Amino acid sequence: MLNRLRFLFFISIISITCSCNQEHVRQIPISDFFKNPEKSFFRLSPDGKYISYLKPYKGRQNLFIQSLADGKEQMATSFADYSVGNYSWTYSNQIALIQDVISLDEFKLFALDVPTLKLRSILALDKGRVRILNNRNKGEPDVITISMNKRDPTNFDIFKLNIRTGQLQPYLINPGNITEWFPDDDGKIRLVKSSDGVDETILYRPNDDAPFKPIIKNNFINRVQPIAFTGTKNYFYALSNVDRDKTALVEINAENGKEQKLIFGCDKADISTVDYSRDKHRLELATCDEAKPGKHFLNEDIEHIYSNLSQQLHGTEINIINRDSAEDKLLVSTYTDRNPGTYYLYERPTGKLTKLGDKNSSIKPEELCAMQPVSFKARDGLLINGYLTLPQGTKTTDLPVVVLPHDGPWKRDTWNYSDEVQFLANRGYAVFQINYRGSTGYGKAFFRAGFKQTGGKIQDDITDGVNWLIGKNIADPKKIAIFGAGFGGFSALYGVSFHPGLYNCAVVQSGLINFFTYIKDVPPYLKPRLQMTYEMIGNPETDAEQLRAISPVFHTDKIKAPVIIFQGAKDETANISELNQFVRELKKQNVPVKYFLKQNERKVFRNEHNRMEMYTEIEKFLNDNMRVKH
């Protein structure tokens, strides 16, 4: 504990004394940005009598229960090794919770009796995964539905688990191609999705005793994602981009798979989320993430609730994240680009709003920076969107820039609060996030434009964005860094390999360095999607020349700029031996490289001490390498 306190004091001193060309801007300590959330993952009990949430205890996220009758808070778990992960309430006031024991590569599932706070171990799965499907049935109040790949590492089976007795009963045994399950409002699974790696099929059954039959078949580019049955005939709501470019909310007949009607769609972006009430059996709202998130209300009652909340919570993004069965009590989360956010309890009958806690009370929004949507044209004319966060101060030109390409590549950046972005901006850097082609959310054509372009036009988009910043006189061309995780880490290494004059340095977290081993060593439960990977990234046999030409492991001789690498030893997507050799080769080429391998971490560092150390090293690395062009 004494060493940890010394370390936190040390990084605070570094943060306060850092020089970064900003006048009158307080250097916020690294510990304030990257500490564990003060409270997170809030849930209401189905009867509305309790609130649960995660809160730090001995450096780990543990489960706490608060009674709404007297406001008393009680610690329900006291894990000092690994944090509580996902958890779910049952109708009988039991909680099922999962712990990922990284050092043993083991998932544990526990049951908590809330009235007595007794914790029982239910099962432990070695080298496998357990997921709580979060569906429950009032007729079976002690039963939850889980998925496990215990029988076969490549396939998840579905089980019903009685968390009072520990009885585990098979519900759906995977024939080998089922990838997703869609429980109805009663917890029964009548819709599933199968995949052969390229084509996806939606299958339907009217009840548990009937066999599944295929009703919709599409190439994976055409997406149908069931949400819930409508309650009319056997129709169900779904998100679909079939016969359209942008994903829209539709109604489909489960008997024949035909679309019955379009409910709502956005012109410029896919619908990203749909809120549906399983207790009231109704659609409530749909959200499109264009430049910023926009809600379209589908129900007058919920629109009225959001209107009331907006009057009390000015200038924030508001989301209802959980509710009790009666829907008299609602949990509300808020955020902005400069505020991590706050949790509230809203009582619908009275309109009373009670603050439950901040995600990070150390952060002062007025000290942080606006995330501005931007767009530019790529060299082939395609419009690319992104976000630019400028540091505080009067200077808006010739700024040092950190380019932050996102992971994926089939993901996207959105307008929200990012501790990483705000940390870099607070240190005086403009932060540039680019939703290059292939990013999700902008329609089917834009998504498909990234196929087999991981080392081609995707990287051109990033380069074109940087040159756009230089052309606008926003970026100081002598002070540009690139920083990414996962595929973003690959982009960082690609940038310093093939554009050596553009970047001062690269920061890499869990970076992809070899597409051959990335595809070959895919975790067993992702192998059903290998054919899809071949279409989107490349086939190691037929596209070997292309994959070799872009994989950083084969191009250490091209890298001249300083590189810093962070890696978790338990990252399932990484080949640690190969990464160690890659670092050795960089050193042989006299590349200034720093390498941090953390034994009990996966792709994302969960340990608070490791996160603090990582960002302390990143700060020093950028300070050292953004002064002059190498």
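I began with α6, where Ile458, Gln459, Asp461, Ile462, Thr463, Asp464, Gly465, Val466 and Leu469 are buried (buried means under 20% relative accessible area, exposed over 50% and partly exposed in between, with a 1.4 Å probe and protein chains only). I note that this is a predicted model, in which local features need pLDDT of at least 70 and side-chain atom pairs count only at pLDDT 80 or more, while totals for chains, interfaces and linings use all residues. Residues are numbered from 1 along each chain as its sequence is written, and side-chain values use heavy atoms, with hydrogens and water left out.

**Entry on α6.** I took helices (H or I, at least four residues) and strands (E, at least two) as DSSP runs, numbered from the N terminus. The expected span is 1.5 Å times one less than the number of residues. I then looked up what its buried residues pack against, and found β28 (371–377), β29 (383–389), β30 (399–403), β31 (430–435), β32 (475–485) and α7. Contact here means heavy atoms within 4.5 Å. After α6 comes Asn473, with a positive phi near 65 degrees.

**Entry on α7.** Helix α7 (residues 487–498) has 12 residues and reaches 16 Å from its first C-alpha to its last, close to the 16 Å expected. I find 11 of its 12 residues buried, including Phe487, Phe490 and Tyr494.

**Entry on the pair.** How do α6 and α7 pack? Their angle is about 70 degrees, with the axes 11 Å apart. Axes are lines fitted to C-alpha atoms, for helices over the stretch in contact, and angles run from 0 to 180 degrees between N-to-C directions. I therefore record α6 and α7 as roughly perpendicular to each other (65 to 115 degrees). At the contact, Ile458, Gln459 and Ile462 of α6 meet Phe487, Phe490, Ser491 and Tyr494 of α7.

I located Thr201 in strand β15 (residues 199–204). Its relative accessible area is 12%, so I count Thr201 as buried. Not counting residues up to four places away in sequence, Thr201 touches Val192, Lys193, Ser194, Pro214, Ile216 and Lys217. Asn218 lies in strand β16 (residues 213–219), and counts as buried at 14% relative accessibility. Leaving aside neighbours within four places in sequence, I find Asn218 in contact with Val198, Asp199, Glu200, Val224 and Val242.

Note on methods
Angles under 35 degrees count as roughly parallel, over 145 as roughly antiparallel, 65 to 115 as roughly perpendicular and the rest as oblique.
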